[in-house]
Amino acid sequence: MKTPTLECFPCILVVTDIHTNKLEYCNQYGTELLNLDSDKLMTYGLFDIISKASSIFFESYIRPTIVSTGSCQEVQISLTPNTNEKVASVANAKLADSKIYWSIYVAVARDKLYQELLSAREHLEAKTEELTLLTRVDPLTSLLNRRAAIDDFNQKTNELDINFTPTSILLIDIDWFKKINDIYGHDRGDEVLITLSQTLKRSTNASDIVARWGGEEFLVILNNSNTKDTQVFCQKLHIEASSITLSGSENLSISIGGSNLEENNLTKPDIMEKYIKQADIALYEAKAKGRSRTEFFDHLHLT
Amino acid sequence: MLAHGFGCDQNMWRFMLPSLTSDYKVVLFDYVGCGQSDTSAFDRKRYQTLDGYAQDVLDICGELKLQNIVFVGHSVSSIIGMHAALKSPEIFSKIVMVSPSPCFLNLPPDYFGGFEKDDLEELLNLMDKNYIGWANYLAPLVMGQNNNPELIRELDDSFCSTDPNYAKPFAKATFFSDDRAALSKLDTPTMILQSSDDNLASIEIGEYMNKQIPNSTLEVIKAQGHCLHMTEPNTVFQAIKNFIE
């Protein structure tokens, strides 16, 4: 029976210098697999046997990790047996006396599996993004739905808590919407909702929140808008809305209830409820005062 | 201010730090998405380009009310520092660039950054494959949009605990940008430290940058590799000291 020989291990064993990256040892299996001239082993460097991409990964991740912690496990690199060939491999590396001891395994099958995993991940990511979008949008008007508006408002209050800018909340309701549905039919009602949504989108900035709050009610949160700006916005919106014709002489009208965010207590859990309620009270007031107008909660003389 | 390069975090400076802290006020940080940063602040759009990372530098300077700082950036952070200094020159008194490269791509016939597009695409792929082993590789899909800080904390706290989901955008911004045109606009006094043997940023790249930046000096340190501040911390420290005093 023959005595076992170390050269039979199907694993590349390499020693490189941590400073010069020169090859100081390579076992027979490695020499053959990497097409190295075994007589001139000392003339090779680490970068002669790994791909350029692997060398960046070595410099930016593997070497810093080895210098700091003494070793680096299970890293994938590409070996380059020939100029045009790359072989996926997995390496473990350990530092001892300024030398890096590498054990490297060919891992072509694992690489293929990982590639499939990456594709699956990309597919999932795209799908997730698509579905997330769907869960946030109101299908009829393409505005944000109620849930997305709540999420975005909560995120906004967190930002405002750090860096406050004047912000207004508006609840906008279409006047006599039930009548529109009854007289002109539900299809026309839907068209009116869509047209007004487009108007809202057009009149606001990308950083504002514009949502269908429910039925014929819309929520607009104006970013970086003081009381005066918001009043001007509402005046314009009444004019814009009244340009939507229902029939011959009859035009659309809307009522708006507004509330302004205060700088304090922005991260309280019921903060949104508080301001929606204020805007709702103001909206109720606008309706009570004859519709087609805006009321602000701050201006109401509540008893 | 010491700014870490791609692939790691502020731990990279640990070998140089002791020599600095006795004489200087030192600010260390991790870019958003790196090290122990608050990853809930990660914004895919903002960090698509190096400008987003430059804004991190400016945000920190603003928050700490820093003025007249010496900015020391490793590798891509040199370029990030340049962008920050171009945006708010009043904050920066001097810039030290350790192993910088304004563009990693070969763009013949005039410029050779050292890499072909294929190499850099392989790098992104290689990073992805190396990060599959990370605990939270699929986490964003499972958790949805909001990052759970508790889960992020579970990330390996060891050296270079770079979250794969943020490392890839950083890699893209780092390796596919071409910032050569900005070099000539930089007025801040700048010292370029280049390694004599660095396959990521060659001496030629150092010489190119020295030529383009109006107010710059180049020092080639006889050493191997890209991480001079880790392998030659004392030499780098002395060079910085001479430059700023």
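This is a predicted model: local features need pLDDT of at least 70, side-chain atom pairs count only at pLDDT 80 or more; totals for chains, interfaces and linings use all residues.
**Interface of chain B and chain A**

- Chain B puts 36 residues into the contact, and chain A puts in 36 residues.
- The size of an interface is often given as the accessible area lost when the parts come together.
- For chain B and chain A the buried area is about 3200 Å², with 62% of it on carbon and sulfur atoms.
- In one salt bridge, the side chain of A:Asp111 meets that of B:Lys129, at 2.8 Å from N to O.
- On the side of chain B that touches chain A, α4 (117-131) and α7 (164-175) of chain B each supply at least two residues.
- The most is given by α4(B), with ten residues.
- By type, the residues on this side of chain B are 20 nonpolar, ten polar and six charged.

**Nonpolar cores**

- The largest nonpolar core has 83 residues, and the members that touch the most others are A:Ile62, A:Trp102, B:Tyr31 and B:Val57.
- Helix α3 (residues 52-69) of chain A provides the largest share of this core, seven residues.
- B:Val57 is in contact with B:Met1, B:Phe29, B:Tyr31, B:Phe71, B:Ile80, B:Ala84 and B:Phe92, leaving aside neighbours within four places in sequence.
- Another core, of 24 residues, lies apart from the largest one; among its residues are A:Phe177, A:Val192, A:Leu196 and A:Leu252.

**A:Asp111**

- A:Asp111 sits in helix α4 of chain A.
- A:Asp111 counts as buried because its relative accessible area is 19%, and the cut-off for buried is under 20%.
- Not counting residues up to four places away in sequence, A:Asp111 touches A:Gln76, A:Ala88 and B:Lys129. B:Lys129 is also its salt-bridge partner.
- Between A:Asp111 and A:Glu295 there are 64 Å in space, C-alpha to C-alpha, and the two are 184 residues apart in sequence.

**A:Asp138**

- A:Asp138 is part of the loop between α4 (108-136) and α5 (146-162) of chain A.
- A relative accessible area of 11% makes A:Asp138 buried.
- The contacts of A:Asp138, leaving aside neighbours within four places in sequence, are A:Leu143, A:Leu144, A:Asn145 and A:Arg212.

Terms used
Residues are numbered from 1 along each chain as its sequence is written. Chains are lettered from A and ligands numbered from 1 in the order in which they are written. Side-chain values use heavy atoms; hydrogens and water are left out. Contact means heavy atoms within 4.5 Å. Buried area is the accessible area (1.4 Å probe) that two parts lose on being put together, summed over both. A salt bridge is a side-chain nitrogen of Lys or Arg within 4 Å of a carboxyl oxygen of Asp or Glu. Helices (H or I, at least four residues) and strands (E, at least two) are DSSP runs, numbered from the N terminus. Ala, Val, Leu, Ile, Met, Phe, Trp, Tyr, Cys and Pro count as nonpolar, Asp, Glu, Lys and Arg as charged, and the others, Gly among them, as polar. A nonpolar core is a set of buried Ala, Val, Leu, Ile, Met, Phe, Trp, Tyr and Cys residues joined through side-chain atoms within 4.5 Å. Buried means under 20% relative accessible area, exposed over 50%, partly exposed in between (1.4 Å probe, protein chains only).
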